[in-house]
Amino acid sequence: MFSHIPSFAGDPIFELGNACRRDPRADKVDLTVGLYYDEDGRIPVLQCVKQAEALLAQQERPRTYLPIEGLESYRLAVQRLVLGADSPALNEQRVATIQSVGGTGALKVGADFLHAAYPDSAVWISDPAWDNHFAIFSGAGIATHRYPYYDPATHGVRFDAMMDALATLPARSIVLLHPCCHNPSGADLTAEQWGALIALMRRGGLIPFLDLAYQGFGQGLDEDALAVRLLAESGMAYLVANSFSKNFSFYGERCGGLSVVCEQAAHVPAVLGQLIAIVRRIYSNPPVHGAQVIARVLGDPELNRLWRDEVAAMRARIRSMRGQAVEQLADKAPDYPARYLLAHQGMFSLTGLRPEQILMLRERHAVYLLDSGRICLPGLNTRNVGLFTDALADVLMRTAPETHA
């Protein structure tokens, strides 16, 4: 029994992070897994979370099941945060929202829902993308394809090529999009480009599915939801998965949400019912603690202000690390076009380094980044950013003249 089961090598991102932790060198730099670290290299516990948990601890509550769709106050808070309190979709009651097990769980439920509704539809995912996107949708039985997105030569978006590719898709094709802080590239669309893209998707009858995993880490909590809100104004039907792992530093609590915005309010009961049925078949009920904390923070004016300040501080620290890296590389490796780091947003950027350069960074300098060349900027701080830029300059010098893509 089970002798035919193939082995699993593990997730490459987490395995590389584990390899970094096993490295005995004291001056190692971990830029692998998508985690936010503070200036001291620690995953922070936010003050707003501490205060909300202290308030909740004063109230003894039985650990009973939540409704299958999740905590109502949490779901309403998700809608207001993602869509905006004055959203036309909310005012017209066109939104079905469930509490999900992280953003990944929201993607899984959404993929199952779409495959049941449109079994012949395929999904188009950006090139490059977070690898798990392909695994989630193919695991739901949906054929996966790529559309052009990132240009390594310019470190920007191949918007014309992207539009040309999406214009050829059959109606009811699913298009997976990052509203902000694109993973892995860090290159985002402009407001004007979002407007043109939404118009194209509406003309083509496409199904947008937005993965909002880093809200607040780009330009701001409201600014980063621009695409979500423009779609709501367009009257289109679409899906949006959101996550609180990063902006609440709540990774292990697995708090996310899936919102399906419908064209008509009359569609919402059936859509919500199908989402509930899917959840019942997978994990039945979501967890309580994280949802209660987030609902308390988002629902309390003072805690909400504190949270927004803390998110702004995290965002500012990431930008500071981008700026320091660019400033140092201008002196240490002037031929390397590091200024793309300032144009990108969020936790990630693609360095354009070749595989042998990435391997040399690990072996010679204990600087760990993904095989794709992606770096996680919050892994840098004022103590190790110099180690990173020294290492990168050394590798670029040793591998000249072909230094980067």
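A pocket, on a 1 Å grid over the protein atoms alone, is an open set of points where a 1.4 Å probe fits, with protein on both sides within 12 Å along at least five of seven lines, and its lining residues have an atom within 4 Å of a point. The structure described here is a predicted model, in which local features need pLDDT of at least 70 and side-chain atom pairs count only at pLDDT 80 or more, while totals for chains, interfaces and linings use all residues. Residues are numbered from 1 along each chain as its sequence is written, and side-chain values use heavy atoms, with hydrogens and water left out.

**Pockets**

- The second largest pocket has a lining of 21 residues, and those nearest its centre are Tyr118, Ile207, Ala237, Tyr238 and Glu263.
- Two or more residues of that lining come from each of helix 5, helix 8 (191-204), strand 9 (238-243) and strand 10 (255-261), where helices (H or I, at least four residues) and strands (E, at least two) are DSSP runs numbered from the N terminus.
- Helix 5 is the element that gives the most to the lining of the second largest pocket, namely 3 residues.
- The space in the second largest pocket is about 420 Å³, a volume being the space filled by probe spheres set on grid points that are joined across faces, edges and corners.
- By class, the lining of the second largest pocket holds 15 nonpolar, 3 polar and 3 charged residues; Ala, Val, Leu, Ile, Met, Phe, Trp, Tyr, Cys and Pro count as nonpolar, Asp, Glu, Lys and Arg as charged, and the others, Gly among them, as polar.
- The largest pocket holds about 910 Å³ of space, and of the 38 residues that line this pocket, Ile13, Phe14, Trp130, Asn183 and Arg374 lie nearest its centre.
- At least two residues of the lining of the largest pocket are supplied by each of helix 1 (12-22), helix 5 (102-117), helix 6 (131-139) and strand 11 (348-350), and this lining divides into 18 nonpolar, 11 polar and 9 charged residues.

**Strands and their pairing**

- Strand 3 (residues 123-127) is largely enclosed by the rest of the structure, because 4 of its 5 residues are buried, which means under 20% relative accessible area, with exposed meaning over 50% and partly exposed in between (1.4 Å probe, protein chains only).
- Strand 3 pairs in the parallel sense with strand 4 (residues 144-148) over 5 bridges, where pairing requires that DSSP finds at least two bridges between the strands, and Asp127 has Pro148 of strand 4 as its bridge partner.
- Strand 3 also runs parallel to strand 7 (residues 174-177), joined by 2 bridges, and the partner of Trp124 in strand 7 is Val175.
- Strand 3, helix 6 and strand 4 together form a right-handed β-α-β unit, in which, with the strands pointing away from the viewer, the path from the first strand over the helix to the second runs clockwise.
- Strand 2 (residues 95-101) has 6 of its 7 residues buried, so this strand too is largely enclosed by the rest of the structure.
- Strand 2 and strand 10 run antiparallel and are joined by 7 bridges, with Val95 standing opposite Val261 of strand 10.

**Cysteines**

- The whole structure contains 0 disulfides, a disulfide being a pair of cysteine sulfur atoms within 2.5 Å.
- Cys20 is buried at 2% relative accessibility, and its sulfur is too far for a bond because the closest cysteine sulfur, in Cys376, is 12 Å away.
- Cys255 is buried with a relative accessible area of 3%, and its sulfur lies 12 Å from the closest cysteine sulfur, in Cys48, which is too far for a bond.

**A buried loop residue**

- Leu380, in the loop between strand 13 (374-376) and helix 15 (385-398), is buried with a relative accessible area of 1%.
- The C-alpha atoms of Leu380 and Gln324 are separated by 9.7 Å, although these residues are 56 apart along the chain.
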